[in-house]
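Student: I have a structure open beside its sequence, and I would like to work through it with you by question and answer. Could we begin with how exposure is judged, and then go on to sheets, domains and the contact between chains?

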Amino acid sequence: MPSSIANDPISVLVAFRGGTVKPWKFRWGNRMFEVKRVNLIHGSREGRSRVFTFSCSDDANFWKLRFDTESLEWRLVEYATE
Amino acid sequence: MNRVIFHIDMNSYFASVAQQMNPLLRGKPIGVGGKPGTRGIIAAASREAKKRGVKTAMSAYEALRLCPELIIVDGDMDAVVETTNRFLDIFRRYTDEVEVFSVDEAFLDVTDWHERYGGPVKMARMIKADMRRELGECITASIGIAENKLLAKLASDLQKPDGIVVLSKSSSSTGLFVRIGLSDPGVRFETFDEITKTLPLTELCGIAERLRIRLERIGITTIEELGRAPVGALIDEFGPVAGTKLHLMGNGEDPSPVISVVDSPKSFGHSYTMPADVTDREILRKTLFALAEKVARRMRREGFSGRHIGVYVRYYDFSGTGEGMMRKNFTDDGLEIFRAAWKLARPLVGTRPARLLGVHVSEISHRGQIPLFPADRRRVALIDAADEVNDRYGERTVEPLVTLGMILKRHVSGFHHALPVSVKRK
């Protein structure tokens, strides 16, 4: 299942646990999704902006959520479904 | 005292990072890179794909022919680089002597440190446990333990994935085996004398196909034969430096240290394989300009300028040619690098289809003084201003009109110097 690229703004509820922040639930369009696992978190730079990418999943879906620390904006940038 | 060296080699690295990110890819044959229908190559294959015969550097067409279910994914280089920096951080918690050998492998000199962890094997297990906890279950490594880098690298190749192999020079040597003990479940113990009876020469790090052919010409076809060959005969054939090194390699010896601090760069360069063979000079000119801009930007970021400009063209039939010239003055200006490079490249292109273009700058010096003439000062101010905008808002926010819209796809490369992997510099 090849993943699809997106660049959609999303609303995210996060959990602060053990000194780290992890996405917990997010709203994409009219649907709410619950993140079961955060598989990898990586950072990168876009200009002076530090961007964090959270590779998340539940049992049937994969999502890549991107948080821009400059604009404080969350976007869904990639997704795949079983 | 004998040294204790680890070679830690990540298994199917780019594919493992992709599987770590996306659990839907786990247990499936995947290939990173090489879009179907293009001439791209598979830069890395997952274990499942390797079992089906897919190999690194195989064309996407060939890989899909062997394994029609192969899922081809784009590599996320930011995730790969971050994962590399994280495993290097783990290694540096155990020893300060870590040599970054490529984006997915490193040498560690643990001679002075392994005893505090209960010996080399226990230390290797602790590193693996840290990696699993901090990087995820898909990111595994094979660890070779030996008394030098040559043997450690050979050892890590002997058990993949996720192995620990201790390789001693010989069963009679008083080195590693005595200190480690010969029975440790889950760990493979081998001796160089034994394995070299069956392993081909190219298993030794530093012997590639061309060297193998030269060795074969003088009657050496196995590692064992290389070890038995008189050092004088090797020196006669390969010269004093390479001949002596080959003699040592054949006997499982390698005095080279683990180099944890690297020298300043000696050159800067970029090359690009075009999506299709090109004869159109205008496309090649624009591509060269974009490459020159990339080289110059990297030089300025690292505070260097250079005065030897070189170009390389690889043609459709994989033959290639290059030219170089020495400038009077040092430069870090993409336009100046391009002008010199195009002067060199122009006679080389346009008649035969080219598949790859490269430009490099050597004779490097730290960035020089502010120019004397007002026109040159204005040019430097313009470049500095453009750099500031690009630093602030991201690469190519401001760029020359001629390269506007040109996309040079980022390489999926194993070379750590091509990626922002954390290395210590002098």
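Predicted model: local features only at pLDDT ≥ 70, side-chain atom pairs only at ≥ 80, totals over all residues.

Student: What distance separates the C-alpha atoms of P2(A) and E82(A)?

Tutor: Along the chain, P2(A) and E82(A) are 80 residues apart.

Student: Which strands of chain A stand at the edges of the open sheet?

Tutor: The open sheet is formed by five strands with antiparallel pairing, and their order is 1-8-7-6-5 in chain A. An edge strand has a single partner strand, so one of its sides is left without a neighbour in the sheet, and this holds for strand 1 (4-9) and strand 5 (37-46) of chain A. From one strand to the next, the twist averages 20°.

Student: Within chain A, which residue of strand 8 stands opposite F62(A)?

Tutor: Strand 7 (residues 61-68) and strand 8 (residues 73-81) of chain A pair in the antiparallel sense, over eight bridges. In strand 8 of chain A, the residue opposite F62(A) is A80(A).

Student: Turning to chain B, how many bridges join strand 12 to strand 14?

Tutor: Strand 14 (residues 354-366) of chain B pairs antiparallel with strand 11 (residues 267-278) of chain B over eight bridges, and there G269(B) has H360(B) as its bridge partner. Strand 14 of chain B also runs antiparallel to strand 12 (residues 304-315) of chain B, with V361(B) standing opposite I309(B). The number of bridges that join strand 12 to strand 14 of chain B is eleven.

Student: Why can chain B be called as compact as a globular protein of its length?

Tutor: Chain B has 15 helices and 15 strands. For its 426 residues the globule rule gives 22 Å, and chain B is as compact as a globular protein of that length because its radius of gyration is close to this value, at 24 Å.

Student: What share of the residues in chain B is buried?

Tutor: Along the principal axes, the C-alpha atoms of chain B fill a box of roughly 70 × 55 × 45 Å. Of the contacts in chain B with a separation of 6 or more, 62% are between residues 24 or more positions apart. Among the 426 residues of chain B, the buried share is 38%.

Student: What distance separates the centres of domain 1 and domain 2 of chain B?

Tutor: Chain B is divided into domain 1 (1-191), domain 2 (201-250) and domain 3 (265-425). Four residues of domain 1 of chain B are in contact with four residues of domain 2, and those on the domain 1 side divide into two nonpolar, no polar and two charged. Taken over C-alpha atoms, the centres of domain 1 and domain 2 of chain B are separated by 27 Å.

Student: Which elements of chain B give two or more residues to the side that touches chain A?

Tutor: In this contact, 14 residues of chain B meet 16 residues of chain A. By class, the chain B side has six nonpolar, four polar and four charged residues. The elements giving two or more residues to that side are helix 1 (13-21), helix 4 (77-94) and helix 15 (374-393) of chain B.

Key. Residues numbered from 1 in each chain as written. Chains lettered and ligands numbered in written order. Pairing = 2+ DSSP bridges. Helix = DSSP H or I, 4+ residues; strand = E, 2+ residues; numbered from the N terminus. Axes fitted to C-alpha atoms, helices over the stretch in contact; angles between N-to-C directions. Rg over C-alpha atoms; globule rule 2.2 N^0.38 Å. Buried ≥ 20, exposed ≤ 12 C-beta atoms within 10 Å, placed from the backbone. Contact = placed C-beta atoms within 7 Å. Domains from an automatic or database assignment. Nonpolar A, V, L, I, M, F, W, Y, C, P; charged D, E, K, R; others polar.
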